[in-house]
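Open the model in your viewer and keep the selection tool at hand. The tour below goes from stop to stop, saying what to select and what is there.

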Amino acid sequence: MAHQKMIFPMPARADLVFDAFHYHEWRRQWDSLVRRTRVENGAPCPSVGAITENLGAGALRALAMRTQFVSYDRPVVAAASMVGQSFPFTKWAASMRHQDVSPSQSLLIYTYTFQVGPAPLRFVLEPLVEWVFVRKTRQRFQRLAQFLASHAADIADWQQERRAKPPASGEAEA
């Protein structure tokens, strides 16, 4: 089983980073690993118990995964685990913890655990899958940091607008 914690410095407050990742209208602007992501109930972001569908992009286009959120405490932590299986994964779970370090910087602490299959090939597949996963995760969060470097103010303005009007049904508050 693969398990690792990765820490990424982000050029924005934790609440901005959290929303850039979890609100799909922002995520589709920077996330090169998914061509489509959505919450099955149509909400603009996940919540505890929500199931999301994520379809891979680029070289990972064949990968599709459904996840269920087991934690969603904006802007501190979100965690999800895979529903069913998605080759090569037989088990997958991850969490993102956000921690402010200054008024304009935070840390994104990403922890993941996964297992691959089929079981007889695990000893060969798992190191390869983990190598690709770590590489793509680093690239992904580097793209998020680059996006935030030029769009953090836009997300902050969007948050202000959302606070000015009540949230729609099924939508988490910013």
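Buried means under 20% relative accessible area, exposed over 50%, and partly exposed in between, with a 1.4 Å probe and protein chains only. Helices (H or I, at least four residues) and strands (E, at least two) are DSSP runs numbered from the N terminus. This is a predicted model, in which local features need pLDDT of at least 70 and side-chain atom pairs count only at pLDDT 80 or more, while totals for chains, interfaces and linings use all residues. Residues are numbered from 1 along each chain as its sequence is written, and side-chain values use heavy atoms, with hydrogens and water left out.

Stop 1: Select the seven strands of the open sheet, whose order is 1-7-6-5-4-3-2 with antiparallel pairing. Strand 1 (2–10) and strand 2 (34–39) are the edge strands, each pairing on one side only. Two strands count as paired if DSSP finds at least two bridges between them. On average, and ignoring direction, neighbouring strands of this sheet are turned by 20° against each other. Axes here are lines fitted to C-alpha atoms, for helices over the stretch in contact, and angles run from 0 to 180 degrees between N-to-C directions.

**Stop 2: strand 2 and its partner.** Strand 2 is joined to strand 3 (residues 51–56) by five bridges, and the two run antiparallel. Pick Arg36 and look across to Leu55 in strand 3, which stands opposite.

**Stop 3: the helices on the sheet.** Select helix 1 (residues 14–22), which packs on the sheet and touches strand 1, strand 4 (64–73), strand 5, strand 6 and strand 7 (105–116). Contact means heavy atoms within 4.5 Å. The direction of helix 1 makes about 150° with that of strand 6. Next take helix 3 (residues 122–164), which also packs on the sheet, touching strand 1, strand 2, strand 6 and strand 7. Its direction makes about 160° with that of strand 7.

**Stop 4: strand 7.** How many of the twelve residues of strand 7 are buried? Nine are, so the strand is largely enclosed by the rest of the structure. On one pairing, nine bridges join strand 7 to strand 1 in the antiparallel sense, and Pro9 stands opposite Leu107. On another, strand 7 pairs with strand 6 over twelve bridges, also antiparallel. Asp100 has Ser106 as its bridge partner in strand 7. Two residues lie between strand 6 and strand 7 in the hairpin that they form.

**Stop 5: Val101.** Stay in strand 6 and select Val101. Leaving aside neighbours within four places in sequence, Val101 is in contact with Ser106 and Leu107. From the C-alpha atom of Val101 to that of Leu148, 47 residues apart along the chain, the separation is 16 Å.

**Stop 6: Ser86.** Move to the loop between strand 5 (77–83) and strand 6 (89–102), where Ser86 is found. Is Ser86 buried or exposed? Its relative accessibility is 7%, so Ser86 counts as buried. Not counting residues up to four places away in sequence, Ser86 touches Leu63, Ala64 and Met65. A polar atom of the Ser86 side chain lies 2.4 Å from the backbone oxygen of Ala64.

**Stop 7: the lining of the largest pocket.** A pocket, on a 1 Å grid over the protein atoms alone, is an open set of points where a 1.4 Å probe fits, with protein on both sides within 12 Å along at least five of seven lines; lining residues have an atom within 4 Å of a point. The largest pocket is lined by 38 residues, of which Leu63, Met65, Trp92, Phe133 and Arg140 lie nearest its centre. Helix 3 gives the largest share of this lining, eight residues.

How values were computed:
A polar contact is a pair of N or O atoms within 3.5 Å; within protein, one must be able to donate a hydrogen and the other to accept it, and residues adjacent in sequence count only if both atoms are side-chain atoms.
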